[in-house]
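Here is a structure to explore step by step. Keep the sequence beside the model as you read.

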Amino acid sequence: MFVNVNFTNFNKAIILLTNNKNQMEVNNTERLTTIDHHISREESMHPTATGEFTSLLHDLALAIRIISREVRRAGINDILGLTSTSNIHGEKQQKLDQYANDIIKKAMSQGGHVCAFASEEDDEVTVVGKDRKSKYIILFDPLDGSSNISINVTIGTIFGVYRRIDLSPGQSCSISDVLQPGYKLITAGYALYGSSTLLVYSTGNGVHSFTYDPTIGEFLLNKQYIRVPKQGSWYSFNEGNYYLVDEKVRKYLDYIKTPSEDKKRPFTLRYIGTLIADLHRLLHYGGVYLYPGTTKNPNGKLRLIYEVNPLAFILEQAGGRATDGRRRILEIAPEDIHQRTPLFMGSPDDMDLLESFLK
Ligand code: AHG
Ligand code: MN
Ligand code: MN
């Protein structure tokens, strides 16, 4: 049988494929889908698409490529015995997370589409664009997992994008543009600098993952419509905090560690200490992640707008759930850019069990 595949049909075929909401490994044709192609395809599904969003995410992918290169070089610089104060170019060497912060802001300021940035590394919001073209607000944790940087363990970058609320002439963006609840995110994602560099993102149409091929400088699609397993007998929690958390949480922890006849328990503990890497394994293997409030820090440690919201958005898009113990994370109205929140997230069945203990 002959199939006449012209370019239009080919695109339709891909869109049909991607509309199937079941998680899929990509086929050989899709393996050649670059992140730029994918983003513009996602944007073209919106009737009012202008291409600006594609350009914005293109700039973000550039920043991630540069950060990835620098993360990979960090170890080599150490081996070569460079001082901690200057890099290979003789410039003052910055902490990697400060470097990543600067690169993201530089790369994403080029196109003029960003109105404001909020970053873990900056005390205040940075306003960069004032005209109507500057439609987007970017929130990010430039390098997540700082304590793992110097020991070669996976670190990452987390990002979320909001649309600016008020585009009236002469009006710039305000703090209310930055403090939008997570359900208003128009895209969120993360990069992981692990055994390879990965970029995972969602625009509200499923979760898709890309592997970076440094030899051609491209992110290539490797998984689309990722679904979190319904249940997984894994848990991630800083066990050192056991005696600092609420009794309900302790009872839950005791329960999942008690052997059961169906062999679903004890759960296996995995804790990388890089939130984004822990979320990434949860996305693929299922289970739960807990960072509750403690007696020392009643709101836990993780920051709502640039760490937790983007992850909650990704996880929900993959069929999982994220709460602060009482409320859906994405519905919390933020009050401060650096506000912290307790976090409980995971596979739907595991969250049912966990929530039955938190009641
Ligand atoms: P960051 O490196 O961006 O400051 O974030 C660190 C966070 C998060 O990545 C990680 O999961 C958590 O800190 C670990 O905290 P504990 O060491 O308290 O477990
Ligand atoms: Mn972080
Ligand atoms: Mn960080």
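Ile-151 is exposed, because its relative accessibility is 53%. Here, buried means under 20% relative accessible area, exposed means over 50%, and partly exposed lies in between (1.4 Å probe, protein chains only). Ile-151 sits in the loop between β4 and β5 (155–163). Helices (H or I, at least four residues) and strands (E, at least two) are DSSP runs, numbered from the N terminus.

This is a predicted model, where local features need pLDDT of at least 70, side-chain atom pairs count only at pLDDT 80 or more, and totals for chains, interfaces and linings use all residues. Residues are numbered from 1 along each chain as its sequence is written, chains are lettered from A and ligands numbered from 1 in the order in which they are written, and side-chain values use heavy atoms, with hydrogens and water left out.

Now turn to the metal. Which residues are the protein donors of the manganese ion (ligand 3)? They are Glu-120 (OE), Asp-141 (OD) and Leu-143 (O), at 2.2 to 2.4 Å from the ion. Donors are N, O and S atoms within 2.8 Å of the metal (3.2 Å for Na, K and Ca); water is not among the atoms, so sites may look incomplete. Along the chain, the donors of this ion follow the spacing E-x20-D-x1-L. Glu-120 lies in the loop between β2 (114–119) and β3 (126–127), while Asp-141 lies in strand β4 (residues 136–144), 21 residues apart. Glu-120 is buried, with a relative accessible area of 19%. Asp-141 is buried too, at 0% relative accessibility.

Next comes a covalent link. The structure holds one disulfide (a pair of cysteine sulfur atoms within 2.5 Å). Cys-115 and Cys-173 form this disulfide, with their sulfur atoms 2.2 Å apart. The pair links distant parts of the chain: Cys-115 is in strand β2, and Cys-173 is in the loop between β5 and α5 (175–178), 58 residues away. Why is the disulfide left-handed? The torsion about its S-S bond is about -105 degrees, so the disulfide is left-handed. Both cysteines are buried.

Finally, look at the backbone. Phi of Tyr-225 is near 50 degrees, a positive value in a residue other than glycine. Tyr-225 is buried, at 2% relative accessibility. Lys-263 also has a positive phi, near 65 degrees. Lys-263 is exposed, at 71% relative accessibility.
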